[in-house]
Amino acid sequence: MPEKALTLISSIKSVKGFGLVRIKALSNLGINTVGQLLSYFPRKHLDRTTVTPISKLEKNFHSTIIGTVEASDLRQGKQKKYFQAILSDGTGVIRLTWFNGASYINKLIKVGDRLAVSGKIDFYKGFQIVHPEYDKLQENEDPLNSGSIIPIYSITAALKESGLDNQRIRRSIKSIFDLLIEIPDYFSDNFRKKYGLIKLDEAIRTIHFANSQENLKKAIYRLKFDEHFFLQMLMALRKSSIKQIKTKPFKKISPYIKIITDNLDFELTGSQKKVIKEIKDDMSQSYSMNRLLQGDVGSGKTIVAILAAAIAVTNNSQVAIMVPTEILANQHFSAFKKILDKVQITCALLVGGTPKKERKSILEGLENGLINIIIGTHSLIQPDIKFKNLGLVIFDEQHRFGVLQRGNLISKGSNPHCLSMTATPIPRTLAITYHGDMDVSIINEMPKNRIPIITKVVDEQRLSKVYSFIKDEVSEGKQCMVIYPLVEETEKSDLAAAVEMHTYLSEKIFKELNVGLIHGRMKKTEKDSIMEAYINNKIQILISTTVIEVGIDVPNATVMIIENAERFGLTQLHQLRGRVGRGLHKSYCILVCRNIAENSKKRLRIMESTNDGFVISDEDLKMRGPGEFFGIKQSGFIKFKIADMINDGPILREARTAAFNIVKEDLNLEKSENSLIRKHFMNEYQDKLHETNIS
Ligand code: ADP
Ligand code: MG
């Protein structure tokens, strides 16, 4: 080994040109070793093929241009200063404009600078880009002159301040590669050949300095594959460990199933029958079921849960059903009771507000086994709650619970079967990534009697028309809901908006009608009485925050207005919309958009065009990215460096196959050929083995 050889675990202190300030800036990004720095992959690459000549620019397209600054100027606008630069590339000129941070940019960009800029092309007295991304290029790295491929890194403000711009990072990484000994590969030659992967060393060198687009593509493929592979390895190991948990199989055929289904006032859809069979088969095995039931709002998951519960009870097991809100717990309880009373299965309801005495007798019933099924909120996981023989746990809206909460309830039984339900249609790639350790059942068919909901996006000016439409509907005996965004139950200003609107609507617009208000900070008894009044049509218009989001079932409600709809994700809007259209009347969802930005409206128009939750969730994923998807942002569970869930479908599936194949043959990764994979996995993922997917 030469004296100065670097390895992936060398400290970045040994890199030429890194002083204390830079080391600190990098360390704040979690970069302390050479390996971590080399994993700070470029966020994009510039080369001839990705650069557009100014003469070929088109309005509204996102483009990258390379040119020289011909002139620049800090100007006084009406309110504040702005900065403009004129960039020329020999085929034409384009104006670059900064309204924010103009004085600062003025210090950075000088006439004669060679810049790579990108952004959306506007046309206003000539082509311009407002607030472009830009990078200064040196003579020798200009892709147009040298034909090279230039890596562009994410330069945070702190990096910039420490003097680490793109040029400096490129130079440092180059100097590392000169001294770096070959990066060892955890994949064998055979494995790489089988899945068409280049060597890790080559991939990492190429992602920073590629000599051709073709090689760059191979490097990106390899590095994306690796990230998906190890995550899928995690899923495979979790799944196989679940499959090793012995439990009581539900072998007895339930006589209740026929009685219950014969007495329904509807026929189960084909999809419902299919998932019931999947669940039944799964629970008849002698290892724990871990199944996710996905089905759009209103697709009829409740009856599936009821039948699964009846099977458990037939097999002398108790069932616990945990739901995220009291309103939903109440509603589930009445749905379960209505059906299960007929077959003498006992259900009880346990929520935060259950009176002490009643709670005590419920706890006794659970412990001595007289209560078969308990439905409740988080109150089910309190330590003093014990079961005689908890054999099936059901989570409704499972993503609203953390792993600890779920684990807590599960641990009250001895390896109970587990059914998670969600009305959020999860795009396929996301489902594999986040729920790769679960089996999935999907209800993809709506009950036949449903009339599609009509959705309209409106702006403020049309509200008076909307209000008179509501009056018409109410005069025909129907009901309406107005939903306010309340991102956090504690956000005061949002709550104030809902309260204010209630006053306005009840005193000014709908004077003759009963207008109710419900929100998460009310007492349970208050909420209950309002809900009851609404269900009995004593209240015609209900103003609500999103507490109403999950599960509520009022068939007579035909109009839903969602205020500030632009503040919601499409998936959430879809869920809210599912609260109407539950009966036999034509229903309407009116999305009030108070943001005039064209994009907000465009996004909302997707809601007008489809009622299919899967289409909507795919759009949501494309537009907002997975980070915005039902709380994944908060979880921080997966931080991909280069993989992405929107575009990597095929790579993800290959990586999943590879990982699951290995675990199938070598459950504990003990074979020598898998030892390096195991080592890497343990380094990077061991702590995630028992962590949540989404919590
Ligand atoms: P979700 O999947 O959103 O939980 P629910 O289980 O609450 O949906 O079902 C919504 C409504 O549809 C309920 O009133 C339920 O009784 C009814 N329902 C369920 N399955 C069918 C079916 N196959 N045909 C007609 N109506 C059904
Ligand atoms: Mg439901």
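**Close-up views of a predicted protein chain**

**View 1. The surface and overall dimensions of the protein chain.** About 32600 Å² of accessible surface belongs to the protein chain, and carbon and sulfur atoms hold 52% of this surface; such areas come from the Shrake-Rupley method with a 1.4 Å probe, and for residues only the protein chains shown count as cover. This is a predicted model, where local features need pLDDT of at least 70, side-chain atom pairs count only at pLDDT 80 or more, and totals for chains, interfaces and linings use all residues. Residues are numbered from 1 along each chain as its sequence is written, chains are lettered from A and ligands numbered from 1 in the order in which they are written, and side-chain values use heavy atoms, with hydrogens and water left out. The C-alpha trace spans about 80 × 70 × 40 Å along its principal axes.

**View 2. Burial within the protein chain.** Of the 695 residues here, 54% are buried, meaning under 20% relative accessible area with a 1.4 Å probe, protein chains only.

**View 3. Helices and strands.** Look for 25 helices and 22 strands in the protein chain; these are DSSP runs, with helices (H or I) of at least four residues and strands (E) of at least two, numbered from the N terminus.

**View 4. Cys347 and Cys418.** The whole structure has 0 disulfides, a disulfide being a pair of cysteine sulfur atoms within 2.5 Å. For Cys347, which is in no disulfide, the nearest cysteine sulfur is that of Cys418, 19 Å away. Cys347 counts as buried because its relative accessibility is 13%. Cys418 is buried too, with a relative accessible area of 8%.

Conventions
Buried < 20%, exposed > 50% of the residue type's maximum accessible area, 1.4 Å probe, protein only.
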